[in-house]
Amino acid sequence: MSLDNTLDDEDTFKILIATDIHLGYLEKDAIRGNDSYNTLDEILKCAKTNEVDFILLGGDLFHENKPSRRCLHNCITMLRKYCMGDTPIHFDILSDQTVNFNTSKFPWVNYQDENLNISIPAFSIHGNHDDPTGAEGLCALDLLSASGLVNHFGHSQSVESIEISPILMQKGNTKLALFGLGSIPDERLYRMFVNNQVTMLRPKEDQDEWFNLFAIHQNRSKHGPTNYIPEQFLDDFLDLVVWGHEHECLIAPSRNEQQLFYVTQPGSSVATSLSPGEATKKHIGLLRVKGRKMNLQKIPLKTVRQFFIQDVVLGDYQDLFTPDTPQVTKKVENLCYAKVTEMLEEAERERLGCPLTPEKPLIRLRVDYSGGFDTFHTSRFSQKFVDRVANPKDIVHFLRRREQKEDNKDEVNVDYGSLSKITAAEGLRVEDLVKQYFAATEQTVQLSLLTEHGMGKALQEFVDKDEKDAIEELITYQLDKTQRHLQARAVTTEQEIDTEIQRFRDSKKNTTEEDNEIKEAISRAKAHRMEQGNEPADADLSNELALDSDEGSVPSAPPTRGRGRGSRGRGTRGRGRGAAASEPKPASRGRSQKSSASTQNRSIMQAFQATSQRSSRTSDEVIIDDSDEEMPLMKATRPPPRPAAASSSFTKYSSQSQSQSSKGVAFDDSDDEDEDPFKGPSHRSRR
């Protein structure tokens, strides 16, 4: 510890790094209910003991989108206990804080608030579990931010483009640029990177003197063609990336040889699933930054519950039994009993001398019974260990291996550099696909009432913002307007009606009138969604992430509502259609299913003749805009004090690679305390 004190001078940033704390996970469980709270207490105590400059959290501080009162109370209590005090802050904020904390009504860092006494500032991005929801886009972190306990940053309010503005800090001669991007659906963010819609801003002056630290919360491993973010998408001027969301602890920084930055993956501090990635020993990181050099010290967590997992393939024990052996099921059960006992004995040996570790470990035995073996009763088997393990209900998990396909294509050699340079014509949106379809299709299936631009916009709203009423409202709006136009023209025959509709449609193409009509229809869709869907919103949000738990808990079904789709299935973000076919379907926004179908099937001529019988919308209809478009900032009445040498000028940084001959970031991952982590020349250079 004395050596550390000699290294921590007035030019060295000390940052405690942690991600995926999942506060409140299984808080109602009699055995594991306090695990996440105990670990957060240990993390904050470690920050205070090491006298860090600030804490950096990489998302998923809370496990639920709407944490319980107990969860919020425990979190606020611990933050107040460890992060408030008289210890002075030794670094300054140089950037425009109204941009860095643009979602807060107190847009300045909490330690500069004259009403608060902060000793350790905590900076956090949001994750996919505690992400902003609702019309106002609020999350649990915003509650902590408004109370002055956490500085929430990295919240992007636009779905069209993202500009990441860093928090610029300076301690002595060391300059640190802290970038952050909260969780965004991976497919959407992937598409935005491909279309060059993500921009990271940099200071215009002395760019080579800044250490660039980036916190992100996305899939790092590939779960699908676009359901992850490749490291190569990130800008190459970065020095260290703190990657949240992945629960496997890979905290030792790994170097990306293409972009020449380091990536550290601290992992979760509590096991939320019984998978191999969670069995890795849990750590947090103590990052030291001095100039352009860094050192990351791994700190093992002692309050984390032990987790052991083992795989057993029954086909490998042919010397003991085969599927045809008499009483083979009993022999398989005895083998599993021996394996579980071995893991319990190993857990007992590791726990010796560590009183903070919980007594009962997590045990998972995955049994591959392929080849004709039968399973045994797992619940009866688990009763033998009910007093020795923390998860007695799911110790044994039976599975069958799928045969590997031999024609798998090698997808390793992907040129991400060329992928990120795809032009706008190649990175098509839904709106562009609609235009291409109608440009190539036959004349008999062309749109007669809507324009391609209008239909494309409505589909874009449906896909990107889950605005399910957008298409229906656009058709209804255009139908009403076309009927009024035909009445004014006094056309009567069907041929004249078709001709006039075509002329009326073509006259609005690519005009401001067309754009205004589309916006009006989409606004109406949002207004109807708010009017019809806000009542049970609170009840829905409490269950919204219930199926995200890897424990397989099934939440109670939320109240039925919507446009005749029955109760909503959960399991992904957004509005699912999970109703059983046998359930009765409610009426749609005051209309019956029958009337809705008849309206869609009637011809333009029939609609025109029946227009006097339809009730038209009033012009003073309330429009509620809950879109994700960028909102104007609410400026504070009292601007925070900032140093006179504040730098608020930025330059946009292209995603294209640039020379890094002057980058000069040195990393020393040695755990030997006898060596100076900041010594040695730079070893980062562009080949």
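## The three-stranded sheet

In this predicted model, 3 strands, in the order β16-β17-β18, form an open sheet whose pairing is parallel. Strands here are DSSP runs of E of at least two residues, helices are runs of H or I of at least four residues, and both are numbered from the N terminus; two strands count as paired if DSSP finds at least two bridges between them. Because β16 and β18 (396–399) stand at the edges with a single partner strand each, one side of each is left without a neighbour in the sheet. From one strand to the next the twist averages 20°, with axes taken as lines fitted to C-alpha atoms and angles running from 0 to 180 degrees between N-to-C directions.

Strand β16 (residues 307–313) pairs with strand β17 (residues 362–368) in the parallel sense over 7 bridges, and within this pair Gln-310 stands opposite Leu-365 in β17. Between the two strands the chain passes through helix α7 (residues 328–351), and this β-α-β crossover is right-handed, a term that applies if, with the strands pointing away from the viewer, the path from the first strand over the helix to the second runs clockwise.

## The seven-stranded sheet

Another open sheet has 7 strands in the order β3-β7-β8-β10-β11-β13-β12, and its pairing is mixed. Its edge strands, β3 (92–93) and β12 (250–256), each pair on one side only. Within the sheet, strand β8 (residues 174–181) and strand β10 (residues 210–217) run parallel and are joined by 7 bridges, and Lys-175 stands opposite Trp-210 in β10.

Asp-186 is found in helix α6 (residues 186–194), and at 11% relative accessibility Asp-186 counts as buried (under 20% relative accessible area, with a 1.4 Å probe and protein chains only). Leaving aside residues up to four places away in sequence, Asp-186 touches Gln-218, Asn-219, Thr-226, Asn-227, Tyr-228 and Ile-229, where contact means heavy atoms within 4.5 Å.

With one of these residues, Asn-219, the side chain of Asp-186 makes a side-chain to side-chain polar contact at 3.1 Å, that is, a pair of N or O atoms within 3.5 Å, of which, within protein, one must be able to donate a hydrogen and the other to accept it, while residues adjacent in sequence count only if both atoms are side-chain atoms. Asp-186 and Gly-224 are 38 residues apart in sequence and, C-alpha to C-alpha, 10.0 Å apart in space.

## Basis of the values

Residues are numbered from 1 along each chain as its sequence is written, and side-chain values use heavy atoms, with hydrogens and water left out. As the model is predicted, local features need pLDDT of at least 70 and side-chain atom pairs count only at pLDDT 80 or more, whereas totals for chains, interfaces and linings use all residues.

Note on methods. Buried means under 20% relative accessible area, exposed over 50%, partly exposed in between (1.4 Å probe, protein chains only).
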